[in-house]
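Try each task before reading its solution.

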Amino acid sequence: MTTSATLEAKKVSAGCGLEIHGVDIARLSNSEMEDIRRLYFEHGVIFFRDQDITPEEHIAFAQRWGEIDINKFFPANGKYPEIAEVRKEKEQKTNIGGGWHTDHSYDQVPAMGSILVARELPTDGGDTLFANMYAAYEGLSDGMKKTLEGLRAVHSNEMAFGAAGFYKNTDQGAGFKGEDLVGSAVHPVVLAHPETGRKALYVNPGFTMHFEGWTAEESEGLLAYLYRHATRPEYTCRFEWRPGSIAFWDNRCTWHYAVNDYHGQKRLMHRITIGGSALN
Ligand SMILES: O=C(O)CCC(=O)C(=O)O
Ligand SMILES: [Fe+2]
């Protein structure tokens, strides 16, 4: 599909992800920026190839979308505090983001999007999977949609980033910080996307604890069903990184999963997270 004079785009799978060609992220005209904005909000996750951008250009691109929301827990790049490092050394066994989640859902005003730039890649593996939560919501029955209407869920980062959380007990533990900054938030289970108004499923296996007013035990069965449903192949895609690749996802309507299948090799990505707005 061709969308403008210079910009070309192709779906990664029918249900998830769009790869955009024919643009230089560091030198976008206003009309290209407008096209990209429209495609980003429509598809939820967009990809670029062969972008030779510096950290400064990464920061400048992010700032065209909004204010940078610095992650409290991830190791920051020493020179650029705006950039979080998603790093796995060849000796490490644990990767960052190795389970389905959406970034920052534990914040009451969650990040709108994350821009991930490949810096060092393994020779094979290290792909990232994405899932489209618009499509997942739309694929539910009317009965289930009605059941979810009005429900809210509690999200927390303690299980991931707390002193006794997941990462602290792994070989990534030393790099993480802010374990005393853990907290929780409450969001609608089905949100109306702040830009498009379209409904999306907004619970995720990484950070959702339980439905508001329900125990964790009571919530478990329905959450497990929703997670199984949302990760159906129909709603997902798999992105194979190459040098110069960039992924930019909307945290309000997608999930992602960093595949940990490259032990013995280093992988380093630079991530910038952009601030969002409260969810309804
Ligand atoms: O490394 C990746 O592919 C994604 C890691 C992740 O979850 C993130 O950057 O938010
Ligand atoms: Fe993530």
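**Exercise 1.** Work out which spacing the donors of the iron ion (ligand 2) follow along the chain.

*Solution.* Start with the donors, meaning N, O and S atoms within 2.8 Å of the metal (3.2 Å for Na, K and Ca); water is not among the atoms, so sites may look incomplete. In this predicted model, the protein supplies His101 (NE2), Asp103 (OD) and His256 (NE2), lying 2.1 Å from the iron ion. Read along the chain, the donors give H-x1-D-x152-H. Strands here are DSSP runs of E, at least two residues, numbered from the N terminus.

As for ground rules, residues count from 1 along each chain as written, and ligands are numbered from 1 in written order. Local features need pLDDT of at least 70 and side-chain atom pairs 80 or more, whereas totals for chains, interfaces and linings use all residues, and side-chain values use heavy atoms, leaving out hydrogens and water.

**Exercise 2.** Find which side chains put an N or O atom close to an oxygen atom of ligand 1.

*Solution.* Look for polar contacts (pairs of N or O atoms within 3.5 Å). Threonine 128 comes in at 2.5 Å, and histidine 256 at 3.1 Å. Arginine 271 has a polar side-chain atom 2.6 Å from a ligand 1 oxygen. Finally, check the elements: strand S14 (254-258) and strand S15 (267-274) each give two or more residues to the shell around ligand 1.

Definitions and conventions
A polar contact is a pair of N or O atoms within 3.5 Å; within protein, one must be able to donate a hydrogen and the other to accept it, and residues adjacent in sequence count only if both atoms are side-chain atoms. Helices (H or I, at least four residues) and strands (E, at least two) are DSSP runs, numbered from the N terminus.
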